[in-house]
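Colleague: Could you take a close look at one part of this model with me? I would like to go through how the two chains meet.

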Number of protein chains: 2
Amino acid sequence: MYEVFFQALKNKVDFSDEDLTVIKKHLTPKKLRKKQYLLQEGDVCKFVAFVEKGALKSYTIDEKGTEHIIQFALEGWLISDLYSFLTGEPATYTIDAIEDCELVLISKNANEDLLRTLPKYETWIRLQITGAYVALQKRLTSIISLSLEERYKSFTSVYPQIVQRVPQHMIASYMGLTPETLSRVRKKITSRR
Amino acid sequence: MYEVFFQALKNKVDFSDEDLTVIKKHLTPKKLRKKQYLLQEGDVCKFVAFVEKGALKSYTIDEKGTEHIIQFALEGWLISDLYSFLTGEPATYTIDAIEDCELVLISKNANEDLLRTLPKYETWIRLQITGAYVALQKRLTSIISLSLEERYKSFTSVYPQIVQRVPQHMIASYMGLTPETLSRVRKKITSRR
DNA sequence: ATTTTCCCTTGATAAATATCAATGGTATTT
DNA sequence: AAATACCATTGATATTTATCAAGGGAAAAT
């Protein structure tokens with residue numbers, strides 16, 4: 001249990017076995033069936049979730065009922081509504097399972113305890129969030145500076161696992177497109193080979 | 001000197017006077033005239049810059065020579081090419097001054113020393129990057145889920161200082177639009193009042 | 001085995017946005 | 001004070017993307 005999570009911890013920071021034991025005490029495992037909610041918009045987000053297995057997405061729904069995907073999370077990734085988690089405000093995102101999932105939840109209390117008592121945990125969190133920030137900035141850069149075709153190619157080369165496991169209409173949503181437009185972009189790309 | 005920076009430090013974390021003295025030793029002041037470069041694409045980014053005074057932008061330039069603005073930074077904000085700073089790879093962004101600037105530079109060595117020796121500094125950095133991540137995620141959300149009009153309104157209400165101090169064509173670039181389109185969006189909004 | 005649901009594609013058309021060109025205003029430089 | 005550079009706006013047109021509608025195939029449910 002928690003194998004993927006512990007591996008992720010050790011990859012970045014040199015935790016001792018005692019550190020890991022302490023961390024373990026603060027974790028809660030959770031399984032989720034495909035299509036189940038992890039978080040619903042309007043609820044307060046009380047955890048950060050680490051994905052041991054499976055795939056999830058976070059998204060908003062607009063007035064028309066259209067889903068706009070903010071983030072995917074596969075094995076080894078963290079997912080949460082960070083703003084809600086940090087402030088206690090109602091979540092603006094919904095999170096649900098694209099596949100059956102095994103998660104490791106870090107509650108607000110657990111997070112605060114670990115930050116207070118285990119400096120290495122804070123280092124790990126800092127590295128995680130820094131990596132997430134850099135990745136998000138790259139995504140934004142590609143949105144405002146590349147053509148659709150280039151964006152899609154870049155996406156498939158950076159996240160081939162997502163392309164394989166997630167339906168295309170979700171990738172379209174993640175890119176801010178309609179499924180029809182993404183289908184046409186893909187056609188153009190493949191017809192050119 | 002460094003007043004704004006120290007205020008930003010104290011706002012988030014309870015630094016002692018000794019802490020601040022230690023930090024001060026690691027800082028380098030820098031002034032920049034309007035239009036001067038702080039960082040050029042291709043160079044390695046060797047610092048994180050805190051803005052004491054003035055305004056800067058980071059951006060990429062595409063094959064056509066068009067500038068795509070990734071970030072603005074006003075007083076109290078940090079700006080850098082974080083990926084280049086962390087990895088030592090050549091920067092993908094250029095940073096230059098929109099107004100005359102007074103900056104506080106934190107070099108790579110300074111950053112590493114402070115992280116190693118001053119846990120509170122790590123906490124401050126973690127809080128900064130977390131805030132930046134949340135803000136970036138909001139920007140992304142508005143790009144993929146709002147109409148142009150709503151996005152511009154949201155931008156002006158979140159960043160009124162930027163609207164006042166930065167030419168509109170730069171805001172258009174930041175939004176991924178042509179100046180003409182932004183001008184028309186603005187016209188629509190104002191004509192409706 | 002059949003039905004149902006989900007997903008992707010395609011076509012026709014509408015709407016949004018970019019491009020190109022021109023103008024006038026304002027600030028800055030000379 | 002004149003000249004220059006910078007900036008925002010507007011119009012005409014082209015391009016891109018969304019919308020609406022339909023169909024077919026594969027997977028999942030019954």
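At what angle do helix 5 of chain A and helix 5 of chain B pack, and how far apart are their axes?

Modeller: Happy to! This is a predicted model, where local features need pLDDT of at least 70, side-chain atom pairs count only at pLDDT 80 or more, and totals for chains, interfaces and linings use all residues. Residues are numbered from 1 along each chain as its sequence is written, while chains are lettered from A and ligands numbered from 1 in the order in which they are written.

Now to your helices (DSSP runs of H or I, at least four residues, numbered from the N terminus, as are strands, which are E runs of at least two). Helix 5 of chain A and helix 5 (residues 119-145) of chain B pack at about 30°, and their axes are 9 Å apart; the axes are lines fitted to C-alpha atoms over the stretch in contact, with angles running from 0 to 180 degrees between N-to-C directions. That makes the two helices roughly parallel, the word for angles under 35 degrees. Their crossing is left-handed, that is, the near helix is turned anticlockwise from the far one by less than a right angle. The residues of this helix contact divide into 16 nonpolar, 6 polar and 6 charged. Here Ala, Val, Leu, Ile, Met, Phe, Trp, Tyr, Cys and Pro count as nonpolar, Asp, Glu, Lys and Arg as charged, and the others, Gly among them, as polar.

Stepping back to the whole interface, 25 residues from chain A and 25 residues from chain B take part, where contact requires C-beta atoms, placed from the backbone, to lie within 7 Å. On the side of chain A that touches chain B, strand 5 (67-73), helix 3 (82-87) and helix 5 (119-145) each supply at least two residues. Helix 5 of chain A gives the most, with 18 residues. By class, that side of chain A has 13 nonpolar, 8 polar and 4 charged residues.

Methods: Two residues are in contact if their C-beta atoms, placed from the backbone, lie within 7 Å. Angles under 35 degrees count as roughly parallel, over 145 as roughly antiparallel, 65 to 115 as roughly perpendicular and the rest as oblique.
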